[in-house]
Structure formats: C-alpha cells, structure tokens
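Subject: Structure for your files

Hello,

My notes on it come after.

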Amino acid sequence: MSNEIKRLHTNARMSQIVIANGVVYLAGQVPDTANVSVTQQTTEILTRIDSLLAEAGVSKSRLLTANIWLSDARHFAEFNAVWDAWVPEGHAPTRACVQSPLMRAGLEVEIAVTALA
C-alpha cells in the first residue's frame with residue numbers, strides 16, 4: 001500500500017478529489033443551478049459525482065459512504081426518488097442524510113461520497 005496522496009482540482013481551500021490508501025474522497029458537491037427543483041439539483045450533483053469518480057478511475061458501484069445535506073426535510077422523498085434510481089442495485093453505500101442550511105441561497109442539496117479505488 002502506498003503512502004502517496006493524490007489531489008485533483010485543488011485550490012487554496014480544498015480539493016475536489018483526494019485519493020489515498022486505495023480510497024477516493026470527493027468534496028461535497030452542490031448543483032450548478034439554484035432555485036430549481038430538488039430533482040434537477042440532485043440530478044446535476046449526481047452527474048458531477050459520476051464524472052469525478054470516473055476521473056479517479058472508479059464507478060458508483062464502488063461507493064462506501066454518502067453524506068447528504070438537504071435544506072429542508074420536506075425534500076427527502078423527492079431526493080430519494082432520484083438517489084434510488086442512481087444507486088446501482090446491490091451497491092448502496094452507508095448513508096447519512098440530514099437537514100441543514102446550505103451555504104448559498106437557492107441550493108437545496110449537497111452530497112459528498114467516498115469510494116474504494
């Protein structure tokens with residue numbers, strides 16, 4: 001096992017991808033579009049997560065954990081409809097989903113995942 005840490009899309013504050021000891025960590029992802037449905041925001045985020053995982057050389061079938069923040073618990077069912085269709089059958093990660101204010105007005109969802117390389 002290598003002690004190397006690989007960081008991608010890094011700025012002074014954070015990296016979008018960190019790969020260490022065979023684990024891929026993604027930063028929390030938010031949608032590009034504010035003030036649209038939770039369905040659209042979730043779809044945008046999951047599309048980005050697919051791209052970032054592919055860049056790291058893994059797929060969503062390798063997910064270990066997911067942390068999800070919803071701006072309001074009322075969005076839970078709408079979010080889950082998109083999430084459930086996205087997660088490959090038999091490959092559901094551990095998951096935490098909480099209600100929390102997000103850092104920018106109009107954003108309803110943030111998702112961070114970890115996957116095995």
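What follows is a summary of the findings, from the whole chain down to single residues.

Please keep in mind throughout that this is a predicted model.

Overall make-up

The protein chain holds 2 helices and 6 strands. Read from the N terminus, their order is β-β-β-α-β-α-β-β. The C-alpha atoms occupy a box of roughly 45 × 35 × 20 Å along the principal axes. The radius of gyration is 14 Å, which agrees with the value near 13 Å that a compact globule of 117 residues would have.

Of the 117 residues, 38% are buried. Among contacts with a separation of 6 or more, 67% are between residues 24 or more positions apart. The accessible surface amounts to about 6,600 Å², and carbon and sulfur atoms contribute 53% of that. As for charge, there are 9 positive and 11 negative side chains, with 6 Å between the centres of the two sets.

Strand pairing

Strand β2 covers residues 15-20 and strand β3 covers residues 23-26; the two run antiparallel and are joined by 4 bridges. Within this pair, I19 is opposite V24 of β3. The hairpin that β2 and β3 form has 2 residues between the strands, and N21 adopts a positive phi near 50 degrees there.

β3 also pairs with β6, again antiparallel, through 3 bridges. Two of the positions involved can be named: V23 has L116 of β6 as its bridge partner, and Y25 has T114 of β6.

β6 has a further antiparallel partner in strand β4 (residues 63-70), with 7 bridges between them. Here T65 is opposite T114 of β6.

How much of β6 is buried? The count is 6 of its 8 residues, so the strand is mostly covered, buried meaning under 20% relative accessible area.

Which residues does T114 contact, leaving aside its neighbours within four places in sequence? They are V23, V24, Y25, L63, L64 and T65. Two of these are also placed by the pairing: Y25 is a bridge partner of T114, and T65 stands opposite T114.

V18 in β2

V18 belongs to strand β2. With neighbours within four places in sequence left out, V18 contacts I5, K6, R7, V23, V24 and Y25. I5 is 13 residues from V18 in sequence, and the C-alpha atoms of the two are 6.9 Å apart.

H9 is not a glycine, yet its phi is positive, at about 55 degrees. H9 sits in strand β1 (residues 5-10). Is H9 buried, exposed or partly exposed? With a relative accessible area of 45%, H9 is partly exposed, because that class lies between 20% and 50%.

The other residue is N35, also not a glycine, with a positive phi near 60 degrees. Where is N35 found? N35 is in the loop that links β3 to α1, the latter being residues 38-55. The relative accessibility of N35 is 66%; exposed means over 50%, so N35 counts as exposed.

A81 in α2

A81 is part of helix α2, which takes in residues 76-86. A relative accessible area of 53% makes A81 exposed, as the limit is over 50%. A81 and A34 are 47 residues apart along the chain, and their C-alpha atoms are separated by 19 Å.

In short

Regards

Definitions and conventions. Residues are numbered from 1 along each chain as its sequence is written. This is a predicted model: local features need pLDDT of at least 70, side-chain atom pairs count only at pLDDT 80 or more; totals for chains, interfaces and linings use all residues. Side-chain values use heavy atoms; hydrogens and water are left out. The radius of gyration is taken over C-alpha atoms; the globule rule is 2.2 Å times the number of residues to the power 0.38. Buried means under 20% relative accessible area, exposed over 50%, partly exposed in between (1.4 Å probe, protein chains only). Contact means heavy atoms within 4.5 Å. Accessible areas come from the Shrake-Rupley method with a 1.4 Å probe; for residues, only the protein chains shown count as cover. Lys and Arg count as positive and Asp and Glu as negative; His and the chain ends are not counted. The place of a charge is taken as NZ of Lys, CZ of Arg, CG of Asp or CD of Glu. Two strands pair if DSSP finds at least two bridges between them.
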